[in-house]
Amino acid sequence: MATVIGARRDRAIWRDYLELTKPKVVVLMLITSLVGMFLATRAGVPWTVLVFGNLGIALCAGGAAAVNHVVDRRIDAVMARTHKRPMAEGRVSPMAALAFALFLSIAGLALLLAFTNPLAAWLTLASLLGYAVIYTGFLKRATPQNIVIGGLAGAAPPLLGWVAVTGHVSAEPLLLVLIIFAWTPPHFWALAIHRKEEYAKADIPMLPVTHGEHYTKVHILLYTFALLAVSLMPYVIHMSGLLYLGCALVLGARFLQWAWVLYRGSQPHAAINTFKYSIWYLLLLFIALLVDHYLLLNL
Ligand code: HEM
Ligand SMILES: CC(C)=CCC/C(C)=C/CC/C(C)=C/COP(=O)(O)OP(=O)(O)O
């Protein structure tokens with residue numbers, strides 16, 4: 001077995017490069033961009049946009065994630081959740097990871113320019129820079145509101161998908177962005193409560209570290225209320241029908257229940273369970289948007 005920058009290589013190198021792209025996060029983002037594409041039109045989405053548009057968005061998101069791994073390698077090495085990452089353990093060198101990130105990002109933008117439209121490419125570039133440079137390079141170490149502001153980049157994919165199809169920004173995809181924007185604080189702060197000591201050790205000013213657990217739980221509750229309200233808007237503006245409304249109410253009520261259990265402190269694993277539920281929530285809410293869309297079209 002070879003030794004790479006002081007670290008033993010005991011697994012295939014492609015796995016390390018794949019890990020740099022945060023594949024599970026990117027897959028969920030892709031589902032939201034797919035939904036943005038399908039909701040943008042009553043006719044079918046051209047297959048070139050469907051395939052190369054989503055591939056372009058995924059490559060750029062993966063490129064941004066790889067930059068995040070490079071910039072954060074020292075703090076990742078300090079935290080138990082992240083210390084086995086390829087950069088934190090030195091299995092991939094910063095130069096190699098940056099070259100990989102650059103390759104993914106340029107390939108992604110080229111696909112978007114070739115198969116979608118310039119606006120989709122520019123907005124994707126803005127999201128890429130928003131996450132890789134603004135959030136990772138500045139906000140993360142600067143303010144406990146880091147993930148609220150930085151959340152905009154992660155929330156962008158439904159807009160990117162919509163614009164890839166239509167070529168312009170409109171209210172409906174902005175509403176989908178708003179849903180993910182309101183979802184991000186409960187998603188992340190629940191995990192941050194669970195991992196509070198690690199963030200404190202790494203000197204990262206996440207809300208539970210700077211303002212305490214109680215304050216964070218109150219804000220999780222408030223954002224979850226806001227999320228429930230915003231998630232009903234697609235029905236209110238006649239973008240979605242009753243099936244979506246029912247799903248949004250049930251999924252939102254369950255999210256509120258978790259936020260309440262977390263707030264009351266009555267369950268030892270409430271924080272990590274709220275985090276896990278947040279991922280199922282977003283996945284199921286966007287599947288509901290899609291199923292509802294095709295039901296409405298066929299009525
Ligand atoms: C600024 C915004 C966000 C922050 C700060 C954030 C933070 C995090 C963190 C710290 C994790 C844990 C990763 C791990 O355990 O290695 C995570 C997991 C995850 N996040 Fe987010 N997230 C954000 C936005 C998003 C968005 C927009 C999506 C998808 C639309 C998303 C989807 C996921 C998924 C699927 C996981 C589970 C990954 C796994 O199990 O490996 N996140 N997030
Ligand atoms: C083009 C486009 C759509 C770009 C979006 C890029 C993207 C992958 C955003 C993900 C958001 C996320 C997982 C933040 C966590 O970072 P963190 O550094 O706080 O978490 P960590 O400690 O797990 O690395």
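User: Which element gives the largest share of the shell around ligand 2?
Analyst: In this predicted model, that share comes from α6, which supplies six residues to the shell around ligand 2.

User: And which residues come nearest to that ligand?
Analyst: There are 21 residues around ligand 2, and those that come nearest are A61, A64, S127, Y131 and G154. The elements that give two or more residues to this shell are α2, α3 (47–71), α6 (118–142) and α7.

User: What about the classes of residue around ligand 2?
Analyst: The shell around ligand 2 holds twelve nonpolar residues, together with six polar and three charged ones.

User: OK, switching to ligand 1. How many residues surround ligand 1, and which are the closest?
Analyst: Ligand 1 is surrounded by 18 residues, of which K24, V25, L28, I147 and G154 are the closest. Two or more residues of this shell are given by each of α2 (23–39), α7 (146–155), α9 (171–194) and α13 (270–298). By class, the shell around ligand 1 has ten nonpolar, six polar and two charged residues.

User: Where does ligand 1 lie relative to the domains?
Analyst: Ligand 1 lies between domain 1 (13–167) and domain 2 (170–298), because both domains give residues to the shell around it.

User: How far apart are the centres of those domains?
Analyst: The C-alpha centres of domain 1 and domain 2 lie 21 Å apart, and the contact takes 27 residues from domain 1 and 28 residues from domain 2.

User: Which elements of domain 1 touch domain 2?
Analyst: On that side of domain 1, the elements that give two or more residues are α2, α4 (73–78), α6, α7 and α8 (157–166). The largest share, seven residues, comes from α2. In terms of class, this side of domain 1 has 18 nonpolar, five polar and four charged residues.

User: New topic: how do α11 and α12 pack?
Analyst: Helix α11 (residues 207–236) and helix α12 (residues 242–264) pack at an angle of about 175 degrees, and their axes are 9 Å apart. An angle over 145 degrees counts as roughly antiparallel, and α11 and α12 are therefore roughly antiparallel to each other.

User: Which residues meet there?
Analyst: Among them are L221, F225 and L228 in α11, and L245, F255 and W260 in α12. The residues of the contact of α11 with α12 divide into 18 nonpolar, three polar and one charged.

User: Last one, what does the chain look like overall?
Analyst: The chain has 13 helices and two strands, and its C-alpha trace spans about 60 × 50 × 30 Å along its principal axes. The radius of gyration is 20 Å, which agrees with the value near 19 Å that a compact globule with 299 residues would have.

Key: Residues are numbered from 1 along each chain as its sequence is written. Chains are lettered from A and ligands numbered from 1 in the order in which they are written. This is a predicted model: local features need pLDDT of at least 70, side-chain atom pairs count only at pLDDT 80 or more; totals for chains, interfaces and linings use all residues. A residue is near a molecule or strand if its C-beta atom, placed from the backbone, lies within 6 Å of it. Helices (H or I, at least four residues) and strands (E, at least two) are DSSP runs, numbered from the N terminus. Ala, Val, Leu, Ile, Met, Phe, Trp, Tyr, Cys and Pro count as nonpolar, Asp, Glu, Lys and Arg as charged, and the others, Gly among them, as polar. Domain bounds come from an automatic or database domain assignment. Axes are lines fitted to C-alpha atoms, for helices over the stretch in contact, and angles run from 0 to 180 degrees between N-to-C directions. Angles under 35 degrees count as roughly parallel, over 145 as roughly antiparallel, 65 to 115 as roughly perpendicular and the rest as oblique. Two residues are in contact if their C-beta atoms, placed from the backbone, lie within 7 Å. The radius of gyration is taken over C-alpha atoms; the globule rule is 2.2 Å times the number of residues to the power 0.38.
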